[in-house]
Amino acid sequence: MILLRSAALVLSMLAAGAALAQLRTVPRDAERGEVRHVQGMTIAIDGKERRLAPGAQIRDASNLVIVPSAIPAGALAKYVVDADGLVRRVWLLTPQEAAQPDKRD
């Protein structure tokens with residue numbers, strides 16, 4: 001009985017950890033733009049071609065990491081760039097996120 005309770009506790013902790021991993025925080029200073037994949041490691045933001053930084057992450061509306069070619073054409077997103085001007089992180093917005101005004105200090 002104790003073993004069964006211990007196993008149930010471990011499983012519930014793992015499930016809670018997985019649920020927390022799905023939360024996402026988009027930085028306040030992230031820019032908003034319409035994003036599409038151009039070719040390879042090149043994307044276009046509001047029609048301007050930009051290079052993705054090495055190791056860049058693109059997260060879809062479900063917060064899953066996707067490859068650049070999986071970006072739907074014309075997707076609304078928020079993004080941040082690194083010191084070299086390369087796009088470091090991209091978050092494709094959900095309809096609810098897209099409807100919210102930018103939160104900036």
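A salt bridge is a side-chain nitrogen of Lys or Arg within 4 Å of a carboxyl oxygen of Asp or Glu. In the structure above, the side chains of Glu97 and Arg24 meet in such a bridge, with 2.5 Å from N to O. Glu97 belongs to helix H2 (residues 95-99) and Arg24 to the loop between helix H1 (2-21) and strand E1 (31-39), so the pair ties together parts that are 73 residues apart in sequence. The structure is a predicted model, in which local features need pLDDT of at least 70 and side-chain atom pairs count only at pLDDT 80 or more, whereas totals for chains, interfaces and linings use all residues. Residues are numbered from 1 along each chain as its sequence is written, and side-chain values use heavy atoms, with hydrogens and water left out.

The count of salt bridges comes to two. In the other bridge, Asp82 pairs with Arg88, and their closest N and O atoms are 3.5 Å apart. Accessibility can be described for a residue from each bridge. A residue is called buried under 20% relative accessible area, exposed over 50%, and partly exposed in between (1.4 Å probe, protein chains only). Glu97 counts as partly exposed because its relative accessibility is 23%, and Arg88 counts as partly exposed because its value is 31%.

The overall plan comes next. The protein chain has two helices and six strands; helices (H or I, at least four residues) and strands (E, at least two) are DSSP runs, numbered from the N terminus. From the N terminus on, the order of these elements is α-β-β-β-β-β-β-α. Of the 105 residues of the chain, 29% count as buried. Contact means heavy atoms within 4.5 Å. Among contacts with a separation of 6 or more, 61% come from residues 24 or more positions apart.

A nonpolar core is a set of buried Ala, Val, Leu, Ile, Met, Phe, Trp, Tyr and Cys residues joined through side-chain atoms within 4.5 Å. The largest such core holds 13 residues, of which Ile43, Ile71, Val87, Val90 and Leu92 touch the most other members. At least two residues of this core are supplied by each of strand E2 (42-45), strand E3 (48-59), strand E5 (75-81) and strand E6 (87-92). Leaving out residues up to four places away in sequence, the contacts of Ile43 include Val35, Leu52, Ile71, Val87 and Val90.

Ala77 lies in strand E5 and is buried, because its relative accessible area is 0%. Beyond four places in sequence, the residues that Ala77 touches include Gly33, Val35, Val90 and Leu92. The C-alpha atoms of Ala77 and Glu97 are 9.3 Å apart, although 20 residues separate the two in sequence.

Arg59, in strand E3, is buried yet has no salt bridge; the nearest side chain of opposite charge (Lys and Arg count as positive, Asp and Glu as negative; His and the chain ends are not counted) is Asp60, 7.1 Å away. What does the side chain of Arg59 reach at 2.6 Å? It reaches the backbone oxygen of Asn63. Beyond four places in sequence, the contacts of Arg59 include Arg24, Val65 and Val90.

Val65, placed in strand E4 (residues 65-66), counts as partly exposed because its relative accessibility is 48%. Not counting residues up to four places away in sequence, Val65 touches Gln57, Ile58 and Arg59. The C-alpha atoms of Val65 and Val90 are separated by 9.6 Å, with the two residues 25 apart along the chain.

Notes: Polar contact = N/O pair within 3.5 Å; in protein donor to acceptor, adjacent residues only side chain to side chain.
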